[in-house]
Amino acid sequence: MTHSSDSAIPGDHAVPDSGRSIRSLVPARLDRLGWSPFHTRLVIALGVAWVLDGLEITIASNVTSILTQPDTLNLSSASVSFSVGTVYLLGEVAGALFFGWLSDKWGRRNLFMITLGVYLLGGALTACTAGHSQGWVIWLNATRFIAGMGIGGEYAAINSAIDELIPARYRGRVDIAINGTYWGGALIATIITLTVVNNLPSSYAWRVAFLSGPVLGFVILFVRKNLPESPRWLLMHGRVDEAEQAVTEIEHEVESSGRSLPPVDGSRAVQVAAADQIGFVTLARTLFSRYPGRSVLGASLMITQSFLYNAIFFTYALVLTKIYGVASGDTAYYFIFFALGNLIGPLTIGRLFDTVGRRKMISGTYFLSGFLLAVSAFLFNAGLLNAVTQTVCWCVIFFFASAGASAAYLTVSEIFPVEVRAKAIAVFFVIAQSFGAFGPWLYGQLIGDGHDHFKLFIGYLIGAAVMLIGAVVEVFLGVDAEGRSLEEISGPASDTSGPGGPRNKEPAGSR
């Protein structure tokens with residue numbers, strides 16, 4: 001077997017051109033790779049971030065009632081919701097911004113190790129909350145904020161790393177499947193609650209619950225430490241030799257699995273200037289001046305899916321208990337099926353986003369989830385649903401909505417230049433969380449005491465309309481990114497290749 005080294009592929013060598021200009025086939029070499037054990041290990045090591053987030057939020061929601069008991073922290077319902085929920089989400093926002101900035105500055109590998117470590121620290125310290133005093137409540141809040149920062153940073157650093165290391169023809173299905181595993185974490189958390197937490201004394205059951213995420217994360221830490229830095233990031237920061245070495249090592253591993261590597265066409269080289277650090281002011285100018293359509297697209301997809309998800313996810317138990325009379329201790333059994341619908345969707349239809357296409361699939365999943373939610377709203381208002389059939393409706397709706405929501409994260413991670421990719425993900429994540437936080441409050445008000453069903457009917461129609469708006473925006477502004485390299489979708493802002501000069505503006509043919 002012959003290794004496809006730089007010397008074996010004409011033109012496949014990054015060399016200084018003039019000043020800090022670099023010509024390289026590093027991105028093309030990464031995209032021509034077939035699937036290998038390296039990519040499987042990459043997906044497992046990095047994809048666990050979404051599992052941890054789903055596990056963490058579900059565990060937190062499941063132990064709120066325990067933390068209100070006198071033998072634990074004796075918190076009020078409002079205080080415990082703020083401590084384990086709101087503070088955690090605020091930490092995610094801060095972590096996404098701060099670590100997203102650092103990821104573009106320090107590199108993907110450095111940050112996905114740091115962010116996982118921050119999450120492990122926060123989760124472990126939460127379990128160490130010992131007393132009942134106000135000081136320990138402050139401790140709880142601080143540790144939840146730290147854990148949230150770690151997970152928020154994971155979103156920015158890891159989406160960047162996955163997109164930059166996964167071959168173009170697999171990128172869509174892999175990203176969507178990984179984002180969908182959030183619900184795998186939620187499912188694991190529900191099973192842990194039913195089988196372990198509910199059978200332990202309340203005085204320490206919640207501590208065991210909060211330790212489950214860090215235990216999983218600690219194991220993954222050892223898998224991550226052997227992953228390489230993103231060669232694309234290295235290239236953009238002028239570290240040419242390191243980028244070449246990283247790609248060569250990946251190629252060796254792929255070839256050792258029995259795959260042969262075809263030669264790379266020299267015309268696929270990109271010529272870029274080593275990137276300077278880009279701050280948030282420059283980022284804003286890049287997003288809204290150079291990419292106005294893509295910025296509207298990313299914000300629309302992220303906001304609409306976040307609103308729907310937060311609205312339904314954080315109030316489903318209220319609907320079951322206050323409207324359908326389900327015992328509060330039994331809502332977890334319904335949630336298992338709700339989570340399964342969300343998990344199965346991305347895993348089964350994710351590949352269609354690479355074959356049928358991004359625009360058709362994203363607009364289709366958004367439209368179907370909105371249309372089906374509207375249908376279920378009329379059935380609900382007519383009194384034709386019970387707890388079981390309502391859950392069935394949710395399963396079908398979110399089978400499509402989950403794939404669409406995962407595709408929203410995919411979109412914002414692949415349509416902007418490498419120099420600002422992590423910070424762009426962070427910005428749209430924060431925008432989505434800010435608008436999404438309004439959903440649970442609104443739907444909580446609409447549910448009320450459960451007697452006035454018409455208000456919730458209107459709420460469901462609002463949720464449906466929101467998703468339909470996302471579908472329309474995707475139809476008109478969507479980017480046909482399937483099978484295309486990141487550089488083709490959005491060349492580096494400093495890319496000087498091509499007869500027309502810099503490829504740093506929003507392409508007219510992005511649809």
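1. Helices H17 (residues 358-381) and H18 (residues 387-414) of this predicted model pack at an angle of about 150 degrees, their axes 9 Å apart. Because of that angle, H17 is roughly antiparallel to H18 (over 145 degrees). Helices here are DSSP runs of H or I with at least four residues, numbered from the N terminus; axes are lines fitted to C-alpha atoms over the stretch in contact, and angles run from 0 to 180 degrees between N-to-C directions.

2. H17 passes H18 in a left-handed crossing (the near helix is turned anticlockwise from the far one by less than a right angle). Their contact (heavy atoms within 4.5 Å) has 16 nonpolar, six polar and two charged residues. Ala, Val, Leu, Ile, Met, Phe, Trp, Tyr, Cys and Pro count as nonpolar, Asp, Glu, Lys and Arg as charged, and the others, Gly among them, as polar.

3. Do have a look at H2 (residues 37-62) and H9 (residues 202-224) too: these helices pack at about 170 degrees, with axes 10 Å apart. H2 is therefore roughly antiparallel to H9. Among the residues in contact are Ile44, Val48, Leu52 and Leu55 of H2, and Phe210, Gly213, Leu216 and Ile220 of H9. By class, this contact holds 15 nonpolar, three polar and three charged residues.

4. The structure has four cavities of 30 Å³ or more, and the largest cavity contains about 360 Å³ of space. Of the 22 residues lining the largest cavity, Tyr155, Tyr182, Gln305, Tyr309 and Tyr409 lie nearest its centre. On a 1 Å grid over the protein atoms alone, a cavity is a set of points where a 1.4 Å probe fits but cannot get out, and lining residues have an atom within 4 Å of a point.

5. H2 and H18 turn up again in this lining: along with H4 (77-106), H8 (182-195), H13 (292-313) and H19 (421-436), each supplies at least two residues. H13 gives the largest share, five residues. The lining of the largest cavity divides into 13 nonpolar, seven polar and two charged residues.

6. The largest pocket (an open set with protein on both sides within 12 Å along at least five of seven lines) has a volume of about 1,600 Å³. Its lining counts 48 residues, with Ser61, Asn62, Thr64, Ser81 and Phe314 nearest the centre. H4 contributes the largest share, 11 residues. This lining has 25 nonpolar, 23 polar and no charged residues.

7. A word on conventions. Residues are numbered from 1 along each chain as its sequence is written, and side-chain values use heavy atoms, leaving out hydrogens and water. In this predicted model, local features need pLDDT of at least 70 and side-chain atom pairs count only at pLDDT 80 or more, while totals for chains, interfaces and linings use all residues.

Conventions
Parallel < 35°, antiparallel > 145°, perpendicular 65-115°, else oblique. Points joined across faces, edges and corners; volume = space filled by probe spheres on them.
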